[in-house]
Amino acid sequence: MSVDSLPIEGSCRCERVRFSVSAAPVITMACHCTGCQKMSSSAFSLSALIPASGFTVTQGCPVIGGMQAVDRHYFCPHCMSWLFTRPHGIDEFVNVRAALLDNASGYVPFMETWTREKLPWASTPAVESFAQLPEPQEFPRLMQAYAEFSRSTPASQ
Ligand SMILES: [Zn+2]
Ligand SMILES: [Zn+2]
């Protein structure tokens, strides 16, 4: 995923909500937790952690859904696609559902989380794997490793 390909746009299923990403992700992830399995109706969720200043909703008005607890999960009010998450207590980043990007192919998951809840057959190409979540102090190392990984893996078109 190269910065040249920014900004990149994305949308929900019905395209009533569109968004623009103008900053490179600090990390890309697949989450196998049962909550993500339910919300994505699939084996795992895919996300790209984007600096909040580089994320803009350009069309439509997302609404909060999911468990409606401390993490704010935003959905399209019409087609109900899960769009992005503003994690509790972290205002600097938005966790964008990478599969909604118009060209998601370069957003390979670098890290996978909650493998202890994963479906037995589910696998991803992630190079860092965690039974639950990494400890907060591991994030600087992970972000650095992702930066090197994304430089060595040019965006596929
Ligand atoms: Zn929609
Ligand atoms: Zn999850």
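In this predicted model, strand β1 (residues 8-11) lies antiparallel to strand β2 (residues 18-21), and four bridges link the two. They belong to a protein with two helices and 11 strands.

**Overall build**

- The order of elements along the sequence is β-β-β-α-β-β-β-β-β-β-β-β-α.
- A compact globule of 157 residues would have a radius of gyration near 15 Å, and the protein agrees because its own value is 15 Å.
- The C-alpha trace spans about 35 × 35 × 30 Å along its principal axes.
- Of the 157 residues, 34% are buried.
- Take the contacts between residues at least 6 apart in sequence: 56% of them join residues at least 24 apart.
- An unreviewed UniProt entry carries the annotation "domain: CENP-V/GFA" for residues 8-111.
- Over residues 8-111, the chain is 41% strand and 7% helix.

**The three-stranded sheet**

- Strands pair through backbone hydrogen bonds, in a parallel or an antiparallel way.
- β1, β2 and β5 form an open sheet in the order β1-β2-β5, with antiparallel pairing.
- β1 and β5 are the edges of this sheet; each has a single partner strand, so one side of each has no neighbour in the sheet.
- On average, neighbouring strands here are turned by 30 degrees against each other, ignoring direction.
- Isoleucine 8 stands opposite valine 21 in β2. Glutamate 9 has serine 20 in β2 as its bridge partner.

**The eight-stranded sheet**

- A second open sheet has eight strands, in the order β6-β7-β8-β9-β4-β3-β10-β11. Its pairing is mixed.
- The edge strands are β6 (63-65) and β11 (128-129), and each pairs on one side only.
- Within this sheet, β3 (residues 27-31) and β4 (residues 45-51) run antiparallel and are joined by five bridges.
- Alanine 30 faces leucine 46 in β4.

**The nonpolar core**

- In soluble globular proteins, nonpolar side chains tend to be buried together.
- The largest nonpolar core here has 32 residues. Ile50, Leu83 and Val96 have the most contacts inside it.
- β2, β3, β4, β8 (82-86) and β9 (93-97) each give at least two residues to this core.
- Which residues does isoleucine 50 touch, leaving out those up to four places away in sequence? They are Val21, Ala23, Pro25, Phe55, Phe93, Val94 and Val96.

**Proline 62, a buried loop residue**

- Proline 62 sits in the loop between β5 (55-59) and β6.
- Is proline 62 buried or exposed? Proline 62 counts as buried because 20 C-beta neighbours lie inside 10 Å.
- Leaving out residues up to four places away in sequence, proline 62 touches Val17, Val57, Tyr74, Phe75, Cys76 and Leu83.
- Proline 62 and phenylalanine 84 are 22 residues apart in sequence. In space, their C-alpha atoms are 9.2 Å apart.

**Backbone spots to look at**

- Leucine 6 and proline 7 are joined by a cis peptide bond, with omega about -5 degrees. Proline 7 lies in the segment before β1.
- Glutamate 15 has a positive phi, near 65 degrees, although the residue is not glycine. Find glutamate 15 in the hairpin of β1 and β2, where six residues lie between the strands.
- Glutamate 15 is partly exposed because 14 other C-beta atoms lie within 10 Å.
- Tryptophan 114 also has a positive phi, near 55 degrees, in a residue other than glycine. Tryptophan 114 lies in the loop between β10 (111-113) and β11.
- Why does tryptophan 114 count as buried? Tryptophan 114 has 20 C-beta neighbours inside 10 Å, and 20 or more make a residue buried.

Technical notes
Residues numbered from 1 in each chain as written. Chains lettered and ligands numbered in written order. Predicted model: local features only at pLDDT ≥ 70, side-chain atom pairs only at ≥ 80, totals over all residues. Pairing = 2+ DSSP bridges. UniProt positions renumbered as here; feature names shortened; annotations may be inferred. Rg over C-alpha atoms; globule rule 2.2 N^0.38 Å. Buried ≥ 20, exposed ≤ 12 C-beta atoms within 10 Å, placed from the backbone. Contact = placed C-beta atoms within 7 Å. Axes fitted to C-alpha atoms, helices over the stretch in contact; angles between N-to-C directions. Core = buried A, V, L, I, M, F, W, Y, C linked by C-beta atoms within 7 Å.
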